[in-house]
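Me: I would like to go through some terms used for this protein chain. Please set each value against its definition.

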Amino acid sequence: MAGNSTEQLLSMRVYNSLQSLGCPLVDGLYLREPDSVQELLCSPSLHRTDILKWICASICPSLKEKFSTLKSTQNEDLVQELTRFGYEMMLCKANDQDLIKGRAPPLRQLRFLEQILMVIQADSRQNSCSGDDSVKNDDLLGELMSQDHLSDLDMLLNPVCNPWPAHIREHLIRTQSTQHKKTNGNHSKPSEFTDRSDQHSRLGSRGEESLTEAMALLKSTQSALDELHKECEFLQSHPSGSAAVLSPCALKVAISDMSQLMTAFGHIYNTDFKAYCQRAPPALNSGASVFQSVHQLLHACNTELEALKQLSETSLSLTQTVQQLQTDKRYWSKGEKHTLPERLEELKNRYVSFLSLHQS
């Protein structure tokens, strides 16, 4: 009874999800009994196949054209296409055609339908949220791209530090002269009032010097800003026909793709990876040290065999060299050719004759 009640509750939940998603194949049915709903969803029928086709086409709209090309007699091709799509969604096996045909256990069929409907619900929620965000983003972009803010945006993208204009330079000169008058007014002498023209000339020369220094500082700052502007690629002007690096459309597409990838990863994690991530790590076998010792001994044996092989090759090479020295002919005195043994025999005979002469 517990299994039947679970299947009935799950079948009603799947049926309600189809109605909430606006499936046209369940609009005029008005089923109220769980047994009738379970029979619709878990029994092989053309209506059940059409429901699966609608679900898969809602997830992947390109399947709608592919389904339209299949004839009613190509039922096996349709089943294979639905099975392949379920396998790509990682919801069934590659050859699980009984699940698509409705011949699998009812509980397994209902779980499959519930999982694939969850994908549609997640996509619908994401589309609604992204729609609201897109409206807000469009309003914000429209405000930023208005005629009132174009000059500010141009200044941000192309920062320029120009020298002071003429009226500001005059204002700075007057301000400096006024400050000097205030500081020197209390300590001035009567004779100084007579030389105001000289003081103005001196103040003017000081103002010109400070102005020259300020202009030099501004020029150095301008050159530094130009160098920074060359290093920042996103501030460079792009030719006509090429997209900007910080394009708002590209940014919206990147954010949308990232959101879809995060949603897909969350679904895969909850359905497939979560059970494996929550398990304890496997315990190491106690016999690992034995295998390690055997591996070390075999490695040492291989090293010794390699050394013996090299020793054998070296001995063979020395033997060949000695034989070559003994058998090859060499040029000795008087232009005659003799091998090494013949020369040794000749030297031996001379030595013997030398001893005999001395003894006699």
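Me: Where is the place of Glu81?
Reply: Glu81 lies in helix H5, where helices (H or I, at least four residues) are DSSP runs numbered from the N terminus. The model is predicted, so local features need pLDDT of at least 70 and side-chain atom pairs count only at pLDDT 80 or more, while totals for chains, interfaces and linings use all residues. Residues are numbered from 1 along each chain as its sequence is written, and side-chain values use heavy atoms, with hydrogens and water left out.

Me: Why is Glu81 called buried?
Reply: Buried means under 20% relative accessible area, exposed means over 50%, and partly exposed is in between (1.4 Å probe, protein chains only). Glu81 has a relative accessible area of 14%, so Glu81 is buried.

Me: Which residues does Glu81 touch, not counting residues up to four places away in sequence?
Reply: Glu81 touches Leu63, Lys66 and Phe67; contact means heavy atoms within 4.5 Å.

Me: What makes H4 and H5 roughly antiparallel to each other?
Reply: The axes of H4 (residues 62-69) and H5 (residues 75-88) cross at roughly 165° and come within 11 Å. Axes are lines fitted to C-alpha atoms, for helices over the stretch in contact, and angles run from 0 to 180 degrees between N-to-C directions. Angles under 35 degrees count as roughly parallel, over 145 as roughly antiparallel, 65 to 115 as roughly perpendicular and the rest as oblique. H4 and H5 are therefore roughly antiparallel.

Me: Which residues of H4 and H5 meet?
Reply: Leu63, Lys66 and Phe67 in H4 meet Leu78, Glu81, Leu82, Arg84 and Phe85 in H5. By class, this contact has five nonpolar, no polar and three charged residues. Ala, Val, Leu, Ile, Met, Phe, Trp, Tyr, Cys and Pro count as nonpolar, Asp, Glu, Lys and Arg as charged, and the others, Gly among them, as polar.

Me: What is the angle between the axes of H3 and H5?
Reply: The axes of H3 and H5 cross at roughly 45° and come within 11 Å. That makes H3 oblique to H5. The contact is made by Thr49, Leu52, Lys53, Cys56 and Ile59 of H3 and Leu78, Leu82 and Phe85 of H5.

Me: How do you know that the span of H3 agrees with its number of residues?
Reply: The expected span of a helix is 1.5 Å times one less than its number of residues. H3 (residues 46-59) has 14 residues and should span 20 Å; its end C-alpha atoms are 20 Å apart, which agrees.

Terms used:
Helix = DSSP H or I, 4+ residues; strand = E, 2+ residues; numbered from the N terminus.
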